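Have the viewer ready and follow along.

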Amino acid sequence: MKLHPTGRFDNSASDYQHIEAVPLAAAMGAEIRGVNLAALSAPQFSEIEHALFRHKMIFFRAQTIHYADQESFSLRFGPFAEDAYTKGVDGYPDVQPVIKEADDAVPIIFGSCWHTDSPFLETPPAISMLYGVDIPPYGGDTIWANSVLAYELLSDKMKEVIAPLRVRFSMGDVVETARKIMPVSDSPLGRLAATSADTVDSTLQRKIDGAAHPLVRTHPVSGEKSLYIDENYAECFEGMTIEESRPLLDYLVGHLVQPALQCRLRWEPKTLALWDNRICVHQAFNDYDGFRREMYRTTIAGEQPS
(Lines give C-alpha, C1' and ligand atoms only; values in the text may rest on other atoms or scores of the structure.)
Protein backbone atom coordinates (compact mmCIF):
# COMPACT_ATOMS: atom_id res chain seq x y z
CA MET A 1 0.00 0.00 0.00
CA LYS A 2 1.37 3.39 -0.98
CA LEU A 3 0.44 6.25 1.28
CA HIS A 4 -0.20 9.90 0.65
CA PRO A 5 -0.10 12.76 3.18
CA THR A 6 -3.04 12.70 5.55
CA GLY A 7 -3.73 14.18 8.93
CA ARG A 8 -0.96 11.99 10.42
CA PHE A 9 1.73 14.07 8.67
CA ASP A 10 2.90 16.96 10.84
CA ASN A 11 6.36 18.27 10.04
CA SER A 12 5.52 21.84 11.00
CA ALA A 13 8.16 23.87 12.80
CA SER A 14 8.03 24.77 16.46
CA ASP A 15 8.00 28.41 17.49
CA TYR A 16 11.69 28.83 18.23
CA GLN A 17 13.20 31.96 19.74
CA HIS A 18 16.85 31.57 18.68
CA ILE A 19 16.70 29.72 15.34
CA GLU A 20 14.37 29.45 12.36
CA ALA A 21 13.27 25.99 11.18
CA VAL A 22 11.90 25.72 7.63
CA PRO A 23 10.28 22.32 6.91
CA LEU A 24 11.67 20.50 3.87
CA ALA A 25 8.89 17.98 3.15
CA ALA A 26 5.57 16.85 4.60
CA ALA A 27 7.08 13.78 6.24
CA MET A 28 10.36 15.05 7.69
CA GLY A 29 13.39 17.30 7.33
CA ALA A 30 13.98 20.98 7.97
CA GLU A 31 16.50 23.69 7.13
CA ILE A 32 17.80 25.58 10.16
CA ARG A 33 18.51 29.27 9.52
CA GLY A 34 19.86 32.18 11.52
CA VAL A 35 22.87 30.46 13.12
CA ASN A 36 26.63 30.31 12.70
CA LEU A 37 27.74 26.81 13.70
CA ALA A 38 31.28 28.01 14.39
CA ALA A 39 29.96 30.41 17.05
CA LEU A 40 26.86 28.77 18.46
CA SER A 41 25.17 29.92 21.67
CA ALA A 42 23.77 27.51 24.25
CA PRO A 43 20.13 28.58 23.62
CA GLN A 44 20.62 28.08 19.88
CA PHE A 45 22.06 24.61 20.40
CA SER A 46 19.18 23.60 22.67
CA GLU A 47 16.66 24.53 19.97
CA ILE A 48 18.75 22.82 17.26
CA GLU A 49 18.70 19.61 19.27
CA HIS A 50 14.93 19.87 19.69
CA ALA A 51 14.52 20.49 15.96
CA LEU A 52 16.62 17.43 15.15
CA PHE A 53 14.41 15.13 17.18
CA ARG A 54 11.25 16.73 15.79
CA HIS A 55 12.23 16.75 12.09
CA LYS A 56 14.51 13.65 12.18
CA MET A 57 16.93 15.32 9.74
CA ILE A 58 18.02 18.97 9.73
CA PHE A 59 20.51 20.88 7.60
CA PHE A 60 22.32 24.20 7.51
CA ARG A 61 23.45 26.15 4.43
CA ALA A 62 26.46 28.47 3.96
CA GLN A 63 28.37 27.25 7.00
CA THR A 64 32.13 27.86 6.88
CA ILE A 65 33.46 25.27 9.29
CA HIS A 66 36.76 23.42 9.62
CA TYR A 67 37.61 20.05 11.15
CA ALA A 68 37.84 21.53 14.63
CA ASP A 69 34.45 23.25 14.27
CA GLN A 70 32.76 20.05 13.10
CA GLU A 71 34.40 18.11 15.91
CA SER A 72 33.32 20.69 18.50
CA PHE A 73 29.73 20.89 17.22
CA SER A 74 29.46 17.10 17.09
CA LEU A 75 30.66 16.68 20.67
CA ARG A 76 27.86 18.91 21.93
CA PHE A 77 25.53 15.97 21.18
CA GLY A 78 27.71 13.43 22.99
CA PRO A 79 30.89 11.37 22.58
CA PHE A 80 31.93 10.01 19.20
CA ALA A 81 30.70 6.58 18.15
CA GLU A 82 32.78 3.66 16.98
CA ASP A 83 33.20 4.06 13.23
CA ALA A 84 32.58 0.92 11.26
CA TYR A 85 34.14 1.89 7.92
CA THR A 86 36.23 5.02 7.59
CA LYS A 87 39.48 6.53 8.86
CA GLY A 88 39.69 10.10 10.19
CA VAL A 89 41.79 12.97 8.89
CA ASP A 90 45.17 13.82 10.41
CA GLY A 91 44.72 15.33 13.86
CA TYR A 92 40.98 14.67 13.91
CA PRO A 93 40.46 10.89 13.97
CA ASP A 94 36.67 11.18 14.33
CA VAL A 95 36.21 13.51 11.33
CA GLN A 96 36.07 11.06 8.45
CA PRO A 97 36.49 11.96 4.77
CA VAL A 98 33.96 10.53 2.33
CA ILE A 99 35.39 11.40 -1.08
CA LYS A 100 34.69 10.17 -4.61
CA GLU A 101 37.01 11.53 -7.28
CA ALA A 102 35.74 12.61 -10.69
CA ASP A 103 37.50 9.72 -12.43
CA ASP A 104 36.43 7.12 -9.87
CA ALA A 105 33.88 5.07 -11.81
CA VAL A 106 32.78 2.41 -9.32
CA PRO A 107 29.65 0.21 -9.33
CA ILE A 108 28.59 1.16 -5.80
CA ILE A 109 29.45 3.94 -3.36
CA PHE A 110 29.65 4.28 0.40
CA GLY A 111 26.10 4.90 1.63
CA SER A 112 24.27 3.13 -1.18
CA CYS A 113 20.96 1.39 -0.38
CA TRP A 114 18.53 2.29 2.37
CA HIS A 115 20.19 1.94 5.77
CA THR A 116 20.58 3.17 9.29
CA ASP A 117 24.23 3.64 10.24
CA SER A 118 26.02 0.58 11.64
CA PRO A 119 23.08 -1.30 13.23
CA PHE A 120 25.26 -4.42 13.26
CA LEU A 121 27.12 -2.95 16.26
CA GLU A 122 25.98 -3.81 19.78
CA THR A 123 25.71 -0.06 20.41
CA PRO A 124 24.90 1.64 17.09
CA PRO A 125 25.53 5.36 16.59
CA ALA A 126 22.71 7.75 17.42
CA ILE A 127 23.42 10.82 15.28
CA SER A 128 25.37 11.24 12.04
CA MET A 129 26.60 14.47 10.43
CA LEU A 130 27.87 15.16 6.94
CA TYR A 131 29.52 18.38 5.74
CA GLY A 132 29.74 19.09 2.03
CA VAL A 133 32.88 20.73 0.64
CA ASP A 134 33.09 19.81 -3.06
CA ILE A 135 29.66 19.08 -4.55
CA PRO A 136 28.68 17.90 -8.06
CA PRO A 137 26.68 20.39 -10.14
CA TYR A 138 23.90 17.79 -10.16
CA GLY A 139 23.51 14.31 -8.69
CA GLY A 140 24.79 13.11 -5.35
CA ASP A 141 21.58 13.87 -3.43
CA THR A 142 20.71 12.10 -0.18
CA ILE A 143 17.23 10.83 0.71
CA TRP A 144 15.87 10.08 4.18
CA ALA A 145 12.69 8.27 5.29
CA ASN A 146 10.84 8.76 8.59
CA SER A 147 10.78 5.50 10.56
CA VAL A 148 8.57 6.97 13.31
CA LEU A 149 5.87 7.90 10.83
CA ALA A 150 6.24 4.50 9.16
CA TYR A 151 5.52 2.80 12.48
CA GLU A 152 2.58 5.07 13.28
CA LEU A 153 0.94 4.30 9.94
CA LEU A 154 0.92 0.53 10.48
CA SER A 155 -2.33 -1.10 11.55
CA ASP A 156 -2.85 -1.94 15.21
CA LYS A 157 -2.78 -5.65 14.37
CA MET A 158 0.55 -5.34 12.55
CA LYS A 159 1.99 -3.43 15.52
CA GLU A 160 0.85 -6.27 17.75
CA VAL A 161 2.47 -8.88 15.47
CA ILE A 162 5.86 -7.15 15.25
CA ALA A 163 6.10 -5.92 18.87
CA PRO A 164 8.18 -8.88 20.18
CA LEU A 165 10.43 -9.28 17.12
CA ARG A 166 14.17 -8.64 17.09
CA VAL A 167 16.16 -8.05 13.91
CA ARG A 168 19.60 -9.53 13.34
CA PHE A 169 21.82 -7.06 11.51
CA SER A 170 25.07 -7.99 9.78
CA MET A 171 27.76 -6.34 7.65
CA GLY A 172 28.18 -9.66 5.81
CA ASP A 173 26.28 -8.86 2.60
CA VAL A 174 28.14 -5.56 2.19
CA VAL A 175 31.48 -7.33 2.59
CA GLU A 176 30.56 -10.00 0.05
CA THR A 177 29.27 -7.46 -2.46
CA ALA A 178 32.44 -5.36 -2.12
CA ARG A 179 34.61 -8.43 -2.71
CA LYS A 180 32.68 -9.35 -5.83
CA ILE A 181 32.35 -6.02 -7.65
CA MET A 182 34.57 -3.35 -6.09
CA PRO A 183 38.17 -2.61 -7.08
CA VAL A 184 40.67 -2.67 -4.24
CA SER A 185 41.42 0.88 -3.06
CA ASP A 186 41.79 2.98 0.09
CA SER A 187 38.07 3.83 0.10
CA PRO A 188 35.80 2.23 2.72
CA LEU A 189 34.38 -0.32 0.27
CA GLY A 190 37.72 -0.72 -1.51
CA ARG A 191 39.32 -1.82 1.75
CA LEU A 192 36.57 -4.41 2.22
CA ALA A 193 37.22 -5.65 -1.32
CA ALA A 194 40.79 -6.42 -0.29
CA THR A 195 39.66 -8.84 2.43
CA SER A 196 39.04 -12.56 2.09
CA ALA A 197 37.64 -15.25 4.33
CA ASP A 198 41.22 -16.02 5.35
CA THR A 199 42.22 -12.41 6.13
CA VAL A 200 39.25 -11.20 8.19
CA ASP A 201 40.47 -9.74 11.47
CA SER A 202 38.52 -9.90 14.73
CA THR A 203 37.12 -6.38 14.33
CA LEU A 204 35.63 -7.07 10.92
CA GLN A 205 34.41 -10.51 12.01
CA ARG A 206 32.51 -8.90 14.89
CA LYS A 207 30.67 -6.68 12.38
CA ILE A 208 29.91 -9.63 10.13
CA ASP A 209 28.61 -11.63 13.10
CA GLY A 210 26.48 -8.57 13.84
CA ALA A 211 23.96 -7.90 16.57
CA ALA A 212 20.22 -8.29 17.22
CA HIS A 213 18.04 -5.31 18.16
CA PRO A 214 14.31 -4.73 18.70
CA LEU A 215 12.38 -4.19 15.47
CA VAL A 216 10.35 -1.54 17.29
CA ARG A 217 12.61 0.74 19.31
CA THR A 218 11.80 3.67 21.57
CA HIS A 219 13.65 6.96 21.29
CA PRO A 220 15.31 7.77 24.64
CA VAL A 221 14.47 11.49 24.47
CA SER A 222 11.22 11.88 22.54
CA GLY A 223 9.69 8.55 23.58
CA GLU A 224 8.62 7.92 19.97
CA LYS A 225 8.44 4.36 18.67
CA SER A 226 10.02 3.65 15.29
CA LEU A 227 10.75 0.79 12.91
CA TYR A 228 14.40 -0.15 13.34
CA ILE A 229 15.01 -1.97 10.09
CA ASP A 230 16.73 -1.36 6.79
CA GLU A 231 17.49 -2.76 3.35
CA ASN A 232 21.27 -2.96 3.69
CA TYR A 233 21.99 -4.73 6.97
CA ALA A 234 18.79 -6.42 8.21
CA GLU A 235 19.37 -10.13 7.73
CA CYS A 236 16.53 -11.92 9.49
CA PHE A 237 14.38 -11.97 12.59
CA GLU A 238 16.00 -13.58 15.60
CA GLY A 239 14.85 -17.18 15.93
CA MET A 240 13.74 -17.36 12.27
CA THR A 241 15.56 -18.33 9.09
CA ILE A 242 16.41 -15.82 6.40
CA GLU A 243 13.81 -17.43 4.12
CA GLU A 244 11.10 -17.26 6.80
CA SER A 245 11.97 -13.65 7.59
CA ARG A 246 12.20 -12.30 4.06
CA PRO A 247 8.50 -11.65 3.24
CA LEU A 248 7.90 -9.55 6.36
CA LEU A 249 11.31 -7.84 6.12
CA ASP A 250 10.60 -6.86 2.52
CA TYR A 251 7.13 -5.57 3.38
CA LEU A 252 8.33 -3.44 6.28
CA VAL A 253 11.28 -1.97 4.37
CA GLY A 254 9.02 -1.19 1.41
CA HIS A 255 6.50 0.44 3.73
CA LEU A 256 9.23 2.48 5.43
CA VAL A 257 10.87 3.90 2.31
CA GLN A 258 7.82 4.75 0.22
CA PRO A 259 7.93 8.26 -1.30
CA ALA A 260 5.35 9.84 0.99
CA LEU A 261 7.59 9.22 4.02
CA GLN A 262 10.72 10.75 2.47
CA CYS A 263 12.60 14.00 2.14
CA ARG A 264 15.42 14.70 -0.33
CA LEU A 265 18.38 17.03 0.12
CA ARG A 266 20.09 18.74 -2.79
CA TRP A 267 23.60 19.37 -1.51
CA GLU A 268 25.44 22.65 -1.90
CA PRO A 269 29.00 23.50 -0.84
CA LYS A 270 29.18 24.42 2.87
CA THR A 271 26.01 22.47 3.73
CA LEU A 272 25.97 20.49 6.98
CA ALA A 273 23.26 17.85 7.44
CA LEU A 274 22.62 15.79 10.55
CA TRP A 275 20.13 13.06 11.25
CA ASP A 276 19.08 10.71 14.02
CA ASN A 277 19.62 7.08 12.98
CA ARG A 278 17.20 5.92 15.64
CA ILE A 279 14.23 7.55 13.89
CA CYS A 280 15.07 7.57 10.18
CA VAL A 281 16.90 5.72 7.42
CA HIS A 282 18.80 7.20 4.46
CA GLN A 283 20.64 6.46 1.24
CA ALA A 284 23.06 8.13 -1.16
CA PHE A 285 23.16 7.85 -4.96
CA ASN A 286 25.97 6.88 -7.31
CA ASP A 287 24.79 9.22 -10.07
CA TYR A 288 27.59 11.76 -10.49
CA ASP A 289 30.34 10.05 -12.52
CA GLY A 290 32.72 12.66 -13.87
CA PHE A 291 32.27 14.97 -10.89
CA ARG A 292 34.12 15.12 -7.59
CA ARG A 293 32.26 14.87 -4.27
CA GLU A 294 34.06 15.64 -1.00
CA MET A 295 32.25 15.28 2.34
CA TYR A 296 33.27 14.91 6.00
CA ARG A 297 31.33 12.71 8.41
CA THR A 298 31.08 12.43 12.18
CA THR A 299 28.96 10.01 14.19
CA ILE A 300 27.73 10.33 17.77
CA ALA A 301 27.50 7.39 20.15
CA GLY A 302 24.08 6.01 20.98
CA GLU A 303 22.71 3.49 23.44
CA GLN A 304 21.71 -0.14 23.10
CA PRO A 305 18.36 -0.08 21.30
CA SER A 306 15.35 -0.86 23.47
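Which residue forms a salt bridge with D10? The partner is R54, with the closest N and O atoms 3.4 Å apart. Please keep in mind that this is a predicted model.

**The D10 pair**
- D10 lies in the segment before β1 (20-23) and R54 in helix α1 (residues 42-55), so their contact ties together parts that are 44 residues apart in sequence.
- D10 is exposed, at 51% relative accessible area, while R54 is partly exposed at 27%.

**Salt bridges around E303**
- R217 and E303 meet through their side chains in a salt bridge of 3.0 Å, N to O.
- This pair links distant parts of the chain, with R217 in strand β9 (residues 216-218) and E303 in the segment after β15 (293-301), 86 residues apart.
- E303 also forms a salt bridge with R278, at 3.1 Å from N to O; R278 sits in the loop between β13 (272-276) and β14 (280-284), 25 residues apart from E303.
- R217 is buried at 3% relative accessibility, R278 is buried at 6%, and E303 is partly exposed at 28%.

- The structure has 20 salt bridges by count.
- A network of salt bridges links E101, D134, R292 and E294.

**Aromatic rings**
- There are ten aromatic pairs.
- The ring centres of F73 and F77 are 5.4 Å apart with planes at 90°, so this pair is edge-to-face.

**Charges over rings**
- R217 lies over the face of Y228, 4.7 Å from the ring centre.
- K100 lies over the face of Y288, 4.8 Å from the ring centre.

Definitions and conventions. Residues are numbered from 1 along each chain as its sequence is written. This is a predicted model: local features need pLDDT of at least 70, side-chain atom pairs count only at pLDDT 80 or more; totals for chains, interfaces and linings use all residues. Side-chain values use heavy atoms; hydrogens and water are left out. Rings of Phe, Tyr and Trp (its six-membered ring) pair if their centres lie within 6.5 Å; planes under 30 degrees apart count as stacked, over 60 as edge-to-face and the rest as tilted. A charge sits over a ring if NZ of Lys or CZ of Arg is within 6 Å of the ring centre and within 35 degrees of the ring normal. A salt bridge is a side-chain nitrogen of Lys or Arg within 4 Å of a carboxyl oxygen of Asp or Glu. Helices (H or I, at least four residues) and strands (E, at least two) are DSSP runs, numbered from the N terminus. Buried means under 20% relative accessible area, exposed over 50%, partly exposed in between (1.4 Å probe, protein chains only).
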